[in-house]
2 protein chains.
Amino acid sequence: MKFSARFEYALLALLYLKCEPDESPISGRVLSEKLSLPYRFLEQILTDLKKAGLVRSVRGYHGGYRLAVEPEEISLYDVFRVTEGKLEPYNCGEGENGDRCGQSHNMCVISSFYDDIKDTMTNLLKSYTLDKLCQASRNMGAPKAAPAANV
Amino acid sequence: MKFSARFEYALLALLYLKCEPDESPISGRVLSEKLSLPYRFLEQILTDLKKAGLVRSVRGYHGGYRLAVEPEEISLYDVFRVTEGKLEPYNCGEGENGDRCGQSHNMCVISSFYDDIKDTMTNLLKSYTLDKLCQASRNMGAPKAAPAANV
DNA sequence: ATAATTTACATCGAATCGATAGGAATTATG
DNA sequence: CATAATTCCTATCGATTCGATGTAAATTAT
């Protein structure tokens with residue numbers, strides 16, 4: 001029940017690309033230095049973000065990365081799916097384990113609870129967009145004030 | 001962002017203790033057979049549950065486990081804390097990493113988002129009690145119906 | 001005394017995770 | 001065309017976690 005470094009780094013990179021917009025694309029090297037993140041590792045993540053279509057990349061001399069989508073369109077749910085995989089913590093009935101609910105109704109109860117968790121998380125993640133987060137970042141004066149986006 | 005097997009096993013064990021109440025305590029061996037769970041591993045978990053005060057144990061010949069608290073009192077949040085540890089996915093300012101928000105406001109934005117996640121999860125976990133889950137299990141006729149507890 | 005049980009501790013194998021490294025492909029620039 | 005800068009692909013490493021097993025000691029009703 002923790003977020004991975006991948007998720008955090010992806011988020012920081014995307015926020016940087018959004019909040020510090022530039023004419024030319026920003027290279028992975030520069031990005032890693034600005035954010036104090038390990039270069040190679042960050043590029044792995046950027047590659048994943050690219051495959052998911054959240055980021056475009058330009059190769060070669062003045063190459064680098066930039067957002068591929070409007071920042072209102074990018075939600076943390078998108079980022080999550082790229083870095084953490086799918087959001088299905090329980091398999092009831094399908095999957096390699098077979099039908100586990102056949103054994104006991106308690107399994108099914110747990111399963112429906114997991115579904116609830118999943119839905120709640122999904123909605124919460126979808127409610128946060130890059131755009132909102134960036135605005136919140138600009139409004140940062142008080143260290144730990146507003147919850148930033150409570151719908 | 002997945003629940004561990006520990007959490008699931010603990011939940012199944014607690015549900016069994018609650019839903020199939022008995023005069024004498026239920027041994028770890030029996031529990032593991034009824035639930036088709038690995039014996040040793042389950043006992044590890046039961047030990048943890050005992051340390052947390054959710055379960056009582058009786059040693060010796062007719063020993064075994066039983067609930068230590070009223071099932072209305074046991075929430076999934078309690079179980080979560082035993083099996084998954086604490087629920088703090090981000091450390092902003094404190095901890096060994098030092099103050100990360102000093103570097104960039106984006107960090108603080110992420111941090112407040114993490115807080116939101118944490119609160120939401122906490123509330124959701126607290127809203128589920130053993131008692132509710134057990135009732136839902138009894139009402140199981142339709143395979144995948146009611147969300148069981150949406151407060 | 002014996003059998004059944006919890007309890008403590010040690011370890012194991014596999015998987016995951018964060019991170020690093022080398023090198024190939026691509027591209028602007030001179 | 002050559003070069004430097006960059007993305008991209010793949011392999012690997014070390015550490016940690018996770019699920020699980022094993023051994024042996026302490027406890028207790030019979």
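Author: Lys18(B) counts as buried because its relative accessible area is 19%, where buried means under 20%, exposed means over 50% and partly exposed lies in between (1.4 Å probe, protein chains only). Please keep in mind that this is a predicted model, in which local features need pLDDT of at least 70, side-chain atom pairs count only at pLDDT 80 or more, and totals for chains, interfaces and linings use all residues. Residues are numbered from 1 along each chain as its sequence is written, chains are lettered from A and ligands numbered from 1 in the order in which they are written, and side-chain values use heavy atoms, leaving out hydrogens and water.

What does Lys18(B) form a salt bridge with? The partner is Asp131(B), and the closest N and O atoms of the two are 3.4 Å apart. A salt bridge here is a side-chain nitrogen of Lys or Arg within 4 Å of a carboxyl oxygen of Asp or Glu. The pair links distant parts of the chain, 113 residues apart: Lys18(B) belongs to helix 1 (residues 5–19) of chain B and Asp131(B) to helix 6 (residues 130–138) of chain B. Helices (H or I, at least four residues) and strands (E, at least two) are DSSP runs, numbered from the N terminus. Asp131(B) is buried too, because its relative accessibility is 16%.

By this rule, two salt bridges are found over all chains. In chain A, Asp131(A) bridges to Lys18(A), with 3.4 Å between the closest N and O atoms. There again distant parts of the chain are linked, since Asp131(A) sits in helix 6 (residues 130–138) of chain A and Lys18(A) in helix 1 (residues 5–19) of chain A, 113 residues apart. Both Asp131(A) and Lys18(A) are buried.

Asp22(B) lies in the loop between helix 1 and helix 2 of chain B, and it is exposed because its relative accessible area is 54%. Its C-alpha atom is separated by 8.7 Å from that of Arg66(B), although the two residues are 44 apart along the chain.

Arg66(B) leads us to the strands. It is in strand 2 of chain B, with Arg56(B) standing opposite. Strand 1 (residues 55–58) and strand 2 (residues 64–67) of chain B pair in the antiparallel sense over four bridges; two strands pair if DSSP finds at least two bridges between them. They form a hairpin with five residues between the strands, and Gly60(B) in the turn has a positive phi of about 85°.

A positive phi turns up in a loop as well. Most residues other than glycine have a negative phi. Ser36(B), however, has a positive phi of about 55° although it is not a glycine. Where is Ser36(B) found? It belongs to the loop between helix 2 (28–35) and helix 3 (39–51) of chain B, and it counts as exposed because its relative accessibility is 52%.

Finally, here are some charges on the surface. Arg81(B), Lys86(B), Lys118(B) and Lys126(B) gather in a patch of positive charge. Patches are made of residues with over 30% relative accessible area and no salt bridge, joining like charges within 9 Å and nonpolar side chains (Val, Leu, Ile, Met, Phe, Trp, Tyr) within 5 Å. Lys and Arg count as positive and Asp and Glu as negative, while His and the chain ends are not counted. Each charge is placed at NZ of Lys, CZ of Arg, CG of Asp or CD of Glu. Accessible areas come from the Shrake-Rupley method with a 1.4 Å probe, and for residues only the protein chains shown count as cover.
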